[in-house]
Structures are given as structure tokens and as C-alpha cells.
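Student: I've got a structure to go through and I'd like to know what the labels rest on. Can we take them one by one?

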2 protein chains.
Amino acid sequence: MFGLTILGNNSAIPAYDRHPTSQAVTLNEQVFLLDCGEGTQMQLTRYKVRRSRINYIFISHLHGDHYFGLIGLLTSMGLLGRENDLHLFAPAPLEHIIQLQLNAADTKLPYTLRFHALTEDAIIADTDKFSIECFKVFHRIECYGFIIREKKRLRKLDRNKAIEQDIPASYFEKLKDGEDYIKPDGTVVKNESVTNPNVPGKSYAFAADTMYKESIAEKVKDVTLLYHEATYLKIHSERATDRFHSTAEQAAMIAKSAGVQKLVLGHFSSKYEKLDEFLTEAREIFSNTDLALEGVTYLL
Amino acid sequence: MFGLTILGNNSAIPAYDRHPTSQAVTLNEQVFLLDCGEGTQMQLTRYKVRRSRINYIFISHLHGDHYFGLIGLLTSMGLLGRENDLHLFAPAPLEHIIQLQLNAADTKLPYTLRFHALTEDAIIADTDKFSIECFKVFHRIECYGFIIREKKRLRKLDRNKAIEQDIPASYFEKLKDGEDYIKPDGTVVKNESVTNPNVPGKSYAFAADTMYKESIAEKVKDVTLLYHEATYLKIHSERATDRFHSTAEQAAMIAKSAGVQKLVLGHFSSKYEKLDEFLTEAREIFSNTDLALEGVTYLL
């Protein structure tokens, strides 16, 4: 399972029961939280995302609608007795803001919060199951996009064939890495006879908040699913540029140019109660576009 | 109109669609906000409390469930173009926490936020319409209760009688203060002939978070309406004391001893999904008790 669940799809001021930015990306047993606007902990409960599975949180930038819900989530995790380390990736000033608030409450979290300051385009997490990159986007203050890439082993094991060949289970991981097996009597079992080629891993890119910049297409090239902010419609494109935001059309241009499989739009301005036109404008450029709707999970 | 609207009635962790502490007290044209847990700005919208009428905010203490929604409300007020001064009364460390978050966002509020640090029992606001006191309560960290007292003029004007006596409207305020009127020909109009005695002003006291202390009854003596925290039921009274909280019964004992007219209970622990027993336990001691229910306005 690799899926994006939208917890908040609105920009600055909450409106029409739309909440500030937050997303939960589920990749097998992990949940990655991307941004954490006010009310995120309630939205996690509402949409039944298990907070105990969140081990990584990424904050794009320090405008309040992207992180004011974080301190509440962190302290609630503490009250609920979390013990596992939690990794937080964010612009540097957030560490002190959190610490001040914990100090004011005379609170010590029962788990270790590992703070990682974002500073430049980089691979910020790398395990055998996934890798995560951040890249600079173009906003009024320092702001980062993120890419979560699923890692697949080279080969898919055909378990029945391996057992038929008397290969011990302890060797299965090596088979997935493409190695042959040599039996005690010296017979070689060719890897291709017990495995199949694997499909490539999928990838999710988050680009918000940002004004339109063609160079973003390079960063998110060929990802499976792209979330790109679309705060405004075309008629307000001047305002979009003034405020370092994008229009639906501009988001679609990035998606098209990057050759992604699917685009999801979000971070809608409270100016708009109805959102249909975002879809109409984007689909003229890039047809496989959807609106980020709260509570909906978009599968990769 | 003097009324208490509950925006959040739950303790630490939001649960069962109950929110962390926040209350809007409406006194004629003013709205006073007492505490501001996460999600308060959404609750204000949900229950149609006009944030433009909020000129005073009071924060009892710096546990997150009492103030994590404040920074979001302050910045939203800015985005909505507020220009009027806003008075914020809270423990001292909050000023720096707010400033750090505004700096991190490179945000300058378009209105003046006047921060007043709470330090001791005192009258913290005093106008011709109302006065506000704070008093120390007994919690794990520095914590204050508040009393909002409506001020009434000495006398109620009988407008028709005053007009009959040819008293100019410019003199009406003096009549309300109890003065006689002397006509141009020297005739004295006795105050009692054009006014009636006024009823005393009403008062609302907020006591949370606190453990049970008989001395609180002295502080809130004779108020019209008392909100007292009741985090636990009697069976968990040991836990209540350990955590510097009160039970429903203890809140009722304070109400009875203080001789208040009505008691409202809130700050319920997430341990309890159903709240009926809070009412049962409190009413055995003090019958005029209600539960603080979100969205409900309790008139004084």
C-alpha cells in the first residue's frame, strides 16, 4: 500500500470545513506526515490514521497554516505514552519554538524527538524500504518540497520454486537481490529460475507552497503522483505571483512538463467556496488531475 | 446580553468531537475569549461568534490544551485585516513564544497586540461597562482564574418621565448616576421622580485548571455563574489530586460554599465518553449545575 490521504486542503484561513495543510502518506507500515496545520491531530482521528505509525514528520515552511498543529500533536503523542523516536524535518527555527512551548508547560516528552534542520536540496532519509528527498521551492520564506520514493528489491521471489529447489529461507533475501544459489552438492540454481523481475518503485512528490517555476518540473521528473499547490484560479494569477503562490493551470504545466502520472491540486484560497474550476483549468493542460479532498486517499 | 458560549469542554487530548478549552463570554457589544485551545478559530466560525468583537483574550496557563489555538487565531485576525488593538492577558512566557512564531513567518500583524503578563491577584481591566479580575488557582504550573463583572449605573432612566420634565438628553447620563436636575427657572427635579433603582451587575467566574482548594470559594464568592473544572469523577479523585485537577463533587463544593447562583462543569478527561455521572455527582452537592456543552450559550 502506497497512498496519500488528505487531512487539510485549504490555504491560510480555515473555511467551509476545509482545514490547513496536512497529509498522511502511507507506505506499507510507515505513515509519513507532510505539514501539520492547526487541527491535524483531530483530522488524524477523524480519518482513522494511526498516529503510532507516524515516525517521520516533514514541515515545508514556517507559515502557520503548515505547522500550528504540530505542537499539539507532539504533546498528545507524549500524553498517549509514545516511546519510539520521532524524526522531524523542518526549517531550523522550529526547534526552538517547540522547545520554548515544552518548557513553558514544564513538559518533557517521553520519547526522543529528533530534529533535522532542512538547509538545501538533499536526500534526508534513506532506508532499504524508502528514500526521501527535499528540494527548495519558491515562496516568500524558506520553503521545501519533498519526494518519497518507494524502494523495491531487484527481483520478486517465487517462493514455491525456491522451496522446490531446497533453498533455505535464510537465503531468500539474497535471491531478491539477484544472487544465484549454490547447493551443498555444488549445483548452481540460477537466480532467474526462482525469481521474476520486479516493477520499479513508485514515488510521491509534494510541492507547496510555491510560485510557478519551471525548474520544479526537473525536481519532480517522472514521479508517480505529484501534489502541487494551486491557491488561485487563472483570473487571479497576478495575485498568485505577488503572494508566491500558483494557479491550477500553472500546477498542471509543471505536471505535464515533469511527465508525472497523476496530479493532485490543493491549498485552495478561502476566496473560493466551490472548487470545480480548479479542475477544469488544470485538466485543459493535464488531464489526469484530481482535487485534494479531505479524507480521500489517492493510491499510487 | 451576558452569556457564556462553550467552544471546547475537553481536557488535554481532543476526543469524541470534544475540543480543548475555550470559551466566549459575550457582554453586550464585547466578546471576551477565555483560553484558546487548538481549533478555537474553527469553533468560533462553527458557532458564529464574531471574532471582530473580541478585544480581550485571557489565557489561564501555558498547558497546550489552553492556548495552542491562539497563534492561529491571532494570525487569522491579521489576514482578515483587523486594525483594532487586541489585549492579551497571559503568563509572561507566552509573549516570546508568539513573537518567535511571527518572526519565523516573517509576519507583522496589522493591529497592535497589547500583551499583559499575569503575575498576581489583581483587577486587570476596568471600564465603565465591566471590570475583570484574575486570581491564582492551584495547578502544576502557574495558573489563573478570571472574574468578569458587569458594571451597572446606579439608576435606570425612565426616559418618558425625563422628557415630560423637559430634561435635555445631554443630562441623561448624570441622571443615571443619581443626580437631580435643576431647571432654568430654578425648579428642582428629584432624581427619584425620573429614575428607578437598578439591579446589581452580574458576574462570571472561570476557575481552571485547578485542584480543589477551599480558598477558591472566597475568590468567587457570590458570582452569578461559576465555571469550575471537573476533569474527573469521584472514583478517580486520587488521580485528580495527583494531577492538580478537581472532581465534579469538588467543583460543586466550591459552588455551594461560594454561594454562586449556578455552576457549569467542564474540562472533562478523555477517559469518559459519557458525561452524565459528572452531573449526578455534582447535583448531589449543588443542584443548579449544568455540563459545559460545546455550542451552548449559558445566559447569566
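Student: What makes the pairing of R114(A) and D85(A) a salt bridge?

Tutor: Keep in mind that this is a predicted model. In it, the side chains of R114(A) and D85(A) come together with N and O 2.7 Å apart. The cut-off for a salt bridge is 4 Å between such a nitrogen and a carboxyl oxygen, so the pair of R114(A) and D85(A) at 2.7 Å counts as one.

Student: Which parts of chain A does that pair link?

Tutor: Distant ones: R114(A) is in strand β6 (residues 113-118), while D85(A) is in the loop between α2 (70-79) and β5 (86-91), 29 residues apart. Over all chains, the search of the whole structure turns up 31 salt bridges.

Student: How many of them run across the interface of chain A and chain B?

Tutor: The rule finds two there. One of the two joins R140(B) to D106(A).

Student: How do you know that R140(B) and D106(A) form a salt bridge?

Tutor: The closest N and O atoms of R140(B) and D106(A) are 3.5 Å apart. With the limit set at 4 Å, that pair qualifies too.

Student: How much area do chain A and chain B bury between them?

Tutor: About 2,500 Å², and 67% of it is on carbon and sulfur atoms. Chain A puts 32 residues into the contact, and chain B puts in 32 residues.

Student: Which residues of α2(A) and α3(A) make the contact?

Tutor: From α2(A) come L70(A), I71(A), L74(A) and T75(A), and from α3(A) come L94(A), I98(A), Q101(A) and L102(A). By class, that gives six nonpolar, two polar and no charged residues.

Student: And in chain B, what makes α2(B) and α3(B) oblique to each other?

Tutor: For α2 (residues 70-79) and α3 (residues 93-104) of chain B, the axes come within 11 Å and cross at roughly 55 degrees. That angle lies between the 35 and 65 degree limits, so α2(B) and α3(B) are oblique. Their crossing is right-handed. L70(B), I71(B), L74(B) and T75(B) of α2(B) touch L94(B), I98(B), Q101(B) and L102(B) of α3(B). The contact of α2(B) with α3(B) has six nonpolar, two polar and no charged residues.

Student: What makes α8(B) oblique to α9(B)?

Tutor: Here α8 (residues 248-258) and α9 (residues 276-283) of chain B have axes that cross at roughly 40 degrees and come within 8 Å. An angle has to be under 35 degrees to count as roughly parallel, so roughly 40 degrees makes α8(B) oblique to α9(B). α8(B) passes α9(B) in a right-handed crossing.

Student: Which residues meet there, in α8(B) and α9(B)?

Tutor: A248(B), E249(B) and A252(B) in α8(B) meet F278(B), E281(B) and A282(B) in α9(B). They divide into four nonpolar, no polar and two charged.

Student: Now the backbone. Where is the cis peptide bond of D209(A), and what is its omega?

Tutor: The cis bond runs from A208(A) to D209(A), with omega near -15 degrees. D209(A) sits in the loop between β14 (203-207) and α6 (215-219) of chain A. In chain B, a cis peptide bond joins A208(B) and D209(B), with omega about -15 degrees, and D209(B) is in the loop between β14 (203-207) and α6 (215-219) of chain B.

Student: And what is the phi of K48(A)?

Tutor: Phi of K48(A) is near 55 degrees, a positive value in a residue other than glycine. K48(A) lies in the loop between α1 (40-46) and β4 (54-58) of chain A.

Definitions and conventions
Residues numbered from 1 in each chain as written. Chains lettered and ligands numbered in written order. Predicted model: local features only at pLDDT ≥ 70, side-chain atom pairs only at ≥ 80, totals over all residues. Heavy atoms only, no water. Axes fitted to C-alpha atoms, helices over the stretch in contact; angles between N-to-C directions. Helix = DSSP H or I, 4+ residues; strand = E, 2+ residues; numbered from the N terminus. Parallel < 35°, antiparallel > 145°, perpendicular 65-115°, else oblique. Left-handed = near helix turned anticlockwise from the far one by under 90°. Contact = heavy atoms within 4.5 Å. Nonpolar A, V, L, I, M, F, W, Y, C, P; charged D, E, K, R; others polar. Buried area = accessible area lost by both parts, 1.4 Å probe.
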